[in-house]
Amino acid sequence: MNKLKWCVLLLCMQQQVQAQRTQFPDVLDIRYTVKDTGRVSGSFFSDNGAWHAYALPANNTAAGFTGPLLMDMKGEWLSGCIAQLRLYENDRELVLQQTDSAMRYYPGLIQGAWNAGPVKVNMQLLFSSNRTAILQTTIINTGGSPLQLKVQWEGKTALQRARLESGKNELRIGIAGTGHHFNIRYLTQQPWDIATTTGSYTAASNISLAAHGSWSATQAQSFYPEYKEQELPPVDFADAFRQNETRWNGYLKQLFSHMPFPASDTFRSRLAVKSMMTLLTNWRSASRHIRRDGVFPSISYQGFYGIWSWDSWKQAVGISYFDPALAQSNIQSMFDYQDAAGMVPDCIYADSTENNLRDTKPPLAAWAVWTVFGASRDTAFVSRLYPSLVRYHNWWYTARDHDHNGLCEFGSTDGTRIAAAWESGMDNAVRFDKAVMVKNGEGAWSLNQESVDLNSYLYKEKLILAQMATMLHRPQEAATWRRQAAALKKQIHAAFYDEASGYYYDRMHNGTLIRVKGPEGWIPLWTGIAPGKAAAATIKYMQDTTVFNTLVPFPVLDASEKAFDPQRGYWRGPVWIDQFYFAIAAMRQYKAGAAAAGMSAKLWNHAAGMRGNGPLHENYHPRTGKGLNASNFSWTAAHVLMLLADKQ
């Protein structure tokens with residue numbers, strides 16, 4: 001392609017970016033300066049399931065993008081800016097100044113601009129695959145005289161373990177002690193003079209710029225976390241740009257097909273896109289012992305560099321609004337590790353020796369599969385997962401029903417109480433403070449406490465498994481599931497509802513109710529178990545400003561409890577958006593839609609990150625709206641999408 005045609009194509013692409021994506025720029029602030037290679041608490045740009053990420057420069061210290069952040073079992077910054085551009089004319093450096101208004105994060109793309117007198121520089125970076133990001137740089141001479149310039153890329157590694165070596169138009173960076181490789185390939189025919197020293201490199205070439213002319217070049221930046229490099233297929237930026245645009249426009253089209261509001265609704269549409277981008281930034285492709293694509297809870301917290309089962313069920317529902325195939329993969333990534341007895345592990349990692357097999361998580365897998373099926377209509381997916389879902393469901397009754405009364409408990413495989421609390425998903429909830437472990441059999445232990453939410457989830461799973469069996473032409477199985485569900489519904493209400501106080505509580509094996517109010521008490525409403533009178537009494541507490549109707553509603557502990565501690569309590573007071581969603585859906589199911597709308601409005605108006613370009617958080621302070629714990633949290637994003645998609 002000659003220079004004139006390329007320039008016309010580049011201008012057309014930039015105009016398309018403006019036309020297609022300017023409605024949703026900077027829904028997340030990803031400006032970042034690397035000061036600590038192990039600090040990952042900011043917001044970043046990754047896509048296509050890649051295991052590396054970038055950010056926009058937070059100041060004018062470099063002409064280039066921040067990063068990359070390399071991920072595996074943890075995240076580490078390879079560099080503050082691995083590809084910084086410098087320009088020289090007659091050995092004099094042209095000092096590039098950042099054009100702040102042009103530093104933008106669009107869905108699927110980051111771009112920046114710099115200038116030095118008549119010289120303008122534009123950069124765009126996108127992910128062309130699950131291992132490669134491509135950086136397109138265009139240098140424009142706006143003056144009336146030709147220019148002879150030396151173009152020099154340079155970078156310093158922040159990781160002391162980095163080892164650099166050069167090849168023909170290629171820089172390879174290995175990380176000592178691992179098999180990880182980060183490569184930069186210069187995809188131009190002109191030669192680049194690449195020189196390396198300990199921890200740094202330069203890559204230089206000379207160009208001629210006609211008056212009002214331009215020059216463009218592409219480099220591919222690839223990270224291989226699985227200890228082996230892959231052959232890089234031919235990369236053309238124009239093709240990659242079109243594919244990226246098609247993919248992201250497809251996401252946006254699907255997303256808004258599920259939303260009961262137009263893209264012109266600025267607040268809700270931007271929040272929906274932010275949620276989608278949060279999930280896609282946390283997407284990791286198959287690598288090492290993670291056998292298929294899945295989603296991290298958060299790229300912004302080292303402890304969440306793996307895939308969790310409870311998170312995956314919830315994430316999949318949110319992802320199904322814009323990418324049902326990824327939603328399916330997210331679920332199946334966990335069932336890849338289902339054991340012979342039927343248990344699905346708590347979490348899995350790229351290094352499978354770190355997998356947590358001590359516990360599982362609450363049974364929402366069938367709900368996730370059935371909801372994803374509603375978006376994909378892929379009967380083969382349901383047919384493939386149904387036997388695994390049945391085994392998982394039945395496992396609860398063989399491994400977690402200590403007294404064989406049909407009501408299950410949370411527990412662990414190793415007999416530890418901490419793993420049993422983790423299995424609930426509500427790690428340090430007050431309701432478990434007095435529980436102790438009882439042994440059911442080899443590798444199977446329970447708390448001496450039956451949980452209302454666990455058994456309500458199992459009830460809902462039976463109903464969904466009945467629907468699946470009907471669709472799969474298994475009428476006898478469907479009838480059995482429905483009979484079991486009908487019996488369990490009565491049993492749950494009788495065992496866990498307290499007529500005196502009008503709320504659902506967990507129950508000890510000796511029959512004592514644990515009269516501490518938490519979100520487990522509204523799960524029987526979400527699942528449709530509660531009779532009308534019980535639902536009304538429960539909703540009264542949910543609307544009480546001294547109990548659950550705080551500034552940001554639905555903390556996971558009654559706000560009047562002595563142990564209520566949102567700032568430090570984790571599951572002793574913050575607002576978790578999954579439990580918020582179950583509360584809103586429960587209220588709507590029992591004709592309290594107006595009150596539910598008011599509660600949702602309080603979330604949108606007071607929780608940090610719901611408005612503006614701040615990140616979505618793991619949980620929130622119910623009295624201030626402050627975001628707590630990990631940022632850019634996937635299940636928060638997923639449940640925000642569920643709340644926004646509610647047409648009631």
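Leu125 has Leu135 in strand E11 as its bridge partner. This is a predicted model, in which local features need pLDDT of at least 70, side-chain atom pairs count only at pLDDT 80 or more, and totals for chains, interfaces and linings use all residues. Residues are numbered from 1 along each chain as its sequence is written, and side-chain values use heavy atoms, with hydrogens and water left out.

Strand E10 (residues 119-127) pairs with E11 in the antiparallel sense over nine bridges. Two strands pair if DSSP finds at least two bridges between them. Strands (E, at least two residues) and helices (H or I, at least four) are DSSP runs, numbered from the N terminus. A hairpin of four residues joins E10 to E11. E11 also runs antiparallel to strand E18 (residues 214-224), again through nine bridges. There, Ala133 has Gln221 as its bridge partner.

Is E11 enclosed or open? Nine of its ten residues (132-141) are buried, so the strand is largely enclosed by the rest of the structure. Buried means under 20% relative accessible area, exposed over 50%, and partly exposed in between (1.4 Å probe, protein chains only).

## Strand E15

Strand E14 (residues 170-175) and E15 run antiparallel and share five bridges. Glu170 has Arg185 in E15 as its bridge partner. The hairpin of E14 and E15 has five residues between the strands, and Gly177 takes a positive phi near 90 degrees in it.

E15 also runs antiparallel to E18, with six bridges. Ile184 stands opposite Gln221 in E18. Five of the six residues of E15 (181-186) are buried, so this strand too is largely enclosed by the rest of the structure.

## Nonpolar cores

A nonpolar core is a set of buried Ala, Val, Leu, Ile, Met, Phe, Trp, Tyr and Cys residues joined through side-chain atoms within 4.5 Å. The largest one has 207 residues. Those with the most contacts inside it include Ile139, Trp313 and Phe554. Helix H7 (residues 379-399) gives the largest share of this core, eleven residues. A second, separate core has eight residues, among them Tyr106 and Phe237.

What does Phe554 touch? Its contacts (heavy atoms within 4.5 Å) include Trp522, Phe548, Pro574 and Met599, not counting residues up to four places away in sequence.

## Helix H15

Helix H15 (residues 634-645) has twelve residues, and at 1.5 Å a residue they should span 16 Å. The expected span is 1.5 Å times one less than the number of residues. The end C-alpha atoms are 17 Å apart, which agrees. Twelve of the twelve residues are buried, so H15 is largely enclosed by the rest of the structure.

## Salt bridges

The structure holds 29 salt bridges. Each is a side-chain nitrogen of Lys or Arg within 4 Å of a carboxyl oxygen of Asp or Glu. Arg131 forms one with Glu226, the closest N and O atoms being 2.5 Å apart. Arg131 lies in the loop between E10 and E11, and Glu226 in the loop between E18 and helix H2 (237-257), so the pair ties together parts that are 95 residues apart in sequence. Arg131 is buried, at 2% relative accessible area. Glu226 is buried too, at 12%.

Arg161 and Glu76 also meet in a salt bridge (3.1 Å, N to O). Arg161 is partly exposed at 31%, whereas Glu76 is buried at 14%.
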